[in-house]
Amino acid sequence: MPSRLLRESILDSDAVNSLSLGGEVFYRRLMSVVDDFGRFDGRPAVLRGRLYPLRLDTVSEADIAGWLSECQRAGLVALYTVDGRTYIQFHKLGAPRAKESKYPPPPASA
C-alpha cells in the first residue's frame, strides 16, 4: 500500500467540502487504497470490504455507491470500465512513484 502525504489544502477544497460527512470519510479512506496511479477496483462490495473492514455491520454497499457517486459528481474521481469490470480513477493524487499501475488504465475516450 502506498504512503500518502495529505496536503492541508484538502481542508478548504470546495470539491471535498461539497461532500457529505460520510462522503468525505469515504474519500479519505479511498486515498489509502488507490495505487500510485490513483486507480482501484470500483465494485461497491470490494470497496466496502477494503475501506470498512471493521464496520461491515453498519456500512452497506448502497452507502458505498452513494458516496462514490458524490465523489464523482464533485469531480474527485471518475469511474471507467475495462473488460466488464468497473474501476476508479482518482483525480489530483500527485505524480506516481511506480512505473506501472496494478489496474488497467481508463479507455482513451474516458
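Is phenylalanine 90 buried or exposed? At 3% relative accessibility, phenylalanine 90 counts as buried (under 20% relative accessible area, with exposed over 50% and partly exposed in between; 1.4 Å probe, protein chains only). The model is predicted, with local features needing pLDDT of at least 70, side-chain atom pairs pLDDT 80 or more, and totals for chains, interfaces and linings using all residues. Residues are numbered from 1 along each chain as its sequence is written, and side-chain values use heavy atoms, without hydrogens and water.

**View A. Phenylalanine 26 with tryptophan 67.** The ring centres are 6.3 Å apart and the planes stand at 40 degrees, so the pair is tilted. Rings of Phe, Tyr and Trp (its six-membered ring) pair with centres within 6.5 Å; planes under 30 degrees apart are stacked, over 60 edge-to-face, the rest tilted. Phenylalanine 26 lies in helix H2 (residues 21-31) and tryptophan 67 in helix H4 (residues 61-73), 41 residues apart. Both are buried.

**View B. Tyrosine 27 with phenylalanine 90.** This pair is stacked, at 5.0 Å centre to centre and 15 degrees between the planes. It links helix H2 to strand E3 (residues 85-90) across 63 residues. Helices (H or I, at least four residues) and strands (E, at least two) are DSSP runs, numbered from the N terminus. Tyrosine 27 is buried at 5% relative accessibility.

**View C. An aromatic cluster.** Ring pairs join Phe40, Tyr80, Tyr87 and Tyr103. The whole structure has 6 aromatic pairs.
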